[in-house]
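I am keeping these notes while I look through one protein model, entry by entry. The chain and its fold come first, and my entries follow.

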Amino acid sequence: QAQVKESGGGLVQAGGSLSLSCTASGEFYTIDDFAWYRQAPGRQRERVALITRDGVPTYSDSVKGRFIISRDNAKNSQSLLMNNLTPEDTGTYFCYARARYYSLPSPPPSWGQGTQVTVSS
């Protein structure tokens, strides 16, 4: 199964920006979908952005127009640029990767350990 590791995050004031990165490693053919999920205390995990292997992004309504997801297929990596952050963006952000493998059946998608993003008002 692919392993994924996030980097970035931290503490920022409202209105500021942060960038997250994630790299997948292991034995797989390619990463089909990369995504970022977040989970705030007491709330369910929600997907904020996804990008297909062809580079087509989708965003949740709560981050549309503020966050930008991108990927580098050669490096099996993705990034999330978060602009105009608000306290409601606070949470743990998780990298998600759905890999394609050389043999079937495929293992389930991979998740990172999460990185904390805190936005102060």
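Leaving aside neighbours within four places in sequence, which residues is D32 in contact with? I looked this up in what is a predicted model, and I found that D32 is in contact with I51, T52, R53, R71, R98, A99 and R100 once those neighbours are set aside. I also noted that D32 has its place in strand β4, and that D32 is buried because its relative accessible area is 13%, where buried means under 20%.

Next I turned to a sheet, and I found it to be open, with four strands in the order β1-β3-β8-β7 and antiparallel pairing. Strands β1 (3-8) and β7 (67-72) stand at its edges with a single partner strand each, so one side of each has no neighbour in the sheet. I noted that neighbouring strands here are turned by 15° against each other on average, direction ignored.

My last entry is on the nonpolar cores. The largest has 27 residues, and W36, L80, M82 and Y93 are those with the most contacts inside it; among the strands that each supply at least two residues of this core are β3, β4 (30-39) and β8. Apart from this core lies another, of five residues, including Y37, L50, F94 and Y96. Not counting residues up to four places away in sequence, I found that Y93 touches, among others, L20, W36, L80 and M82.

Conventions:
Residues numbered from 1 in each chain as written. Predicted model: local features only at pLDDT ≥ 70, side-chain atom pairs only at ≥ 80, totals over all residues. Heavy atoms only, no water. Pairing = 2+ DSSP bridges. Axes fitted to C-alpha atoms, helices over the stretch in contact; angles between N-to-C directions. Core = buried A, V, L, I, M, F, W, Y, C linked by side-chain atoms within 4.5 Å. Buried < 20%, exposed > 50% of the residue type's maximum accessible area, 1.4 Å probe, protein only. Contact = heavy atoms within 4.5 Å.
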